Amino acid sequence: MNPFSLAKKIFDAKTGKDPIDQDVDHGLPFKAKVGSLITLNVSPFLRAEGTLVKAPDRMQTVVAISRLRMPMDGKLYRLYLTKGDDASEMESFIQVYMNAKGEIDELQYYQRMLRMYPETEADYNLFTGRSEEGLGFKEFSLWKEQMAGIGYDEVLLDEAFGDEEQLVFERQIPGADFLRPFTATENRIDNSAGSEGLLQEVIFMPYVRELESGGQELLLLSTETVKEQNHRQKQEVHVDFMIGVPLNESDVSIQ
């Protein structure tokens, strides 16, 4: 599947609103439900030799499901394997784009490398595109020294960086040096009744780099403003650095 297709579909969307339906846990890809058992093929992670992605357990449980609402054809879902509501838990999810015909067009696995909290207005502007640099710029680099400083796996760092000090990711949408990041509302449910969950505004941009093995590594930068959790108002802003790999539909089995 082409990891560039979804970003282009979002970028090309000019008008129209995504209609709101109240039942997120309905008509989902793979007929998934909160609590479903999910099996991941190891092949995508073996193909992505030199990636920063830590290979996940082969069998896991869908602990939450969300839909990202934004002007676009089709629907964008996340099947959460770990929610990562605090910085100590590694968030991970499978992101699925279903086209207007209900077919799966794009599938990706993501896990969080880092969560940071903007401390200044300049930090916030950098990760929301307000300063027309940072998030939305045509390239974004990860630095080995910084990754080592947060305690990232040294073996993965050595394999990914080699003799280089930085890894350069390219924005998935070509064009001008800066493009305004995408915005969406994410509605996550943590149980089938919808009595627990999360509502947040998301500003994001996807990036990609080609691996020497021939595969691709994905970088999703996302500034998230939490509005509500478990039906209680909440106000929290953080920036998530998500690293991922593309999947094929045959790589995922849910029961």
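## Strands E5 and E6

Seven bridges hold E5 and E6 together as an antiparallel pair; two strands count as paired if DSSP finds at least two bridges between them. Strands here are DSSP runs (E, at least two residues) and helices are H or I runs of at least four residues, numbered from the N terminus. This is a predicted model, where local features need pLDDT of at least 70, side-chain atom pairs count only at pLDDT 80 or more, and totals for chains, interfaces and linings use all residues. Residues are numbered from 1 along each chain as its sequence is written, and side-chain values use heavy atoms, with hydrogens and water left out.

Back to the pair: phenylalanine 93 has tyrosine 110 in E6 as its bridge partner. The E5–E6 hairpin has five residues between the strands, and glycine 102 there takes a positive phi near 85°.

## E6 and its other partner

E6 also pairs with strand E12 (residues 232-246), antiparallel again, over eight bridges. Look for arginine 112, which stands opposite methionine 242 in E12. Of the 13 residues of E6, 10 are buried, so the strand is largely enclosed by the rest of the structure. Buried means under 20% relative accessible area, exposed means over 50%, and partly exposed is in between (1.4 Å probe, protein chains only).

## Two loop residues

Glutamate 91 sits in the loop between strand E4 (75-82) and strand E5 (92-98). Its relative accessible area is 3%, so glutamate 91 counts as buried. Skipping residues up to four places away in sequence, glutamate 91 touches Tyr80, Thr82, Lys83, Gly84, Tyr110, Gln111, Arg112, Arg115, Asp240 and Met242, where contact means heavy atoms within 4.5 Å.

Tyrosine 117 is in another loop, the one between strand E6 (104-116) and helix H3 (121-126). With a relative accessible area of 37%, tyrosine 117 is partly exposed. Leaving out neighbours within four places in sequence, tyrosine 117 is in contact with Ala87, Glu236, Val237 and His238. As for phenylalanine 169, it is 52 residues away from tyrosine 117 along the chain, and their C-alpha atoms are separated by 22 Å.

## Strand E3, covered on both faces

In a regular strand, side chains alternate between the two faces of the sheet. For E3, Ala64, Ser66 and Leu68 lie on one side and Ile65, Arg67 and Arg69 on the other, all of them buried. That makes six of the six residues of E3 (residues 64-69) buried, so this strand is largely enclosed by the rest of the structure.

E3 runs antiparallel to E4, joined by five bridges, and alanine 64 has tyrosine 80 in E4 as its bridge partner. Their hairpin has five residues between the strands, with glycine 74 at a positive phi near 85°. Five bridges also join E3 to strand E9 (residues 182-189), again antiparallel; in that pairing, arginine 67 stands opposite asparagine 187.

Strands of a sheet pair through backbone hydrogen bonds, either parallel or antiparallel. Here, three strands make an open sheet in the order E2-E1-E13, with antiparallel pairing. The edges are strand E2 (59-61) and strand E13 (252-254), each with a single partner strand, so one side of each is left without a neighbour in the sheet. From one strand to the next, the twist averages 25°, using axes that are lines fitted to C-alpha atoms (for helices, over the stretch in contact) and angles from 0 to 180 degrees between N-to-C directions.

Strand E1 (residues 37-40) is joined to E13 by three bridges, and the two run antiparallel. Leucine 40 has valine 252 in E13 as its bridge partner.
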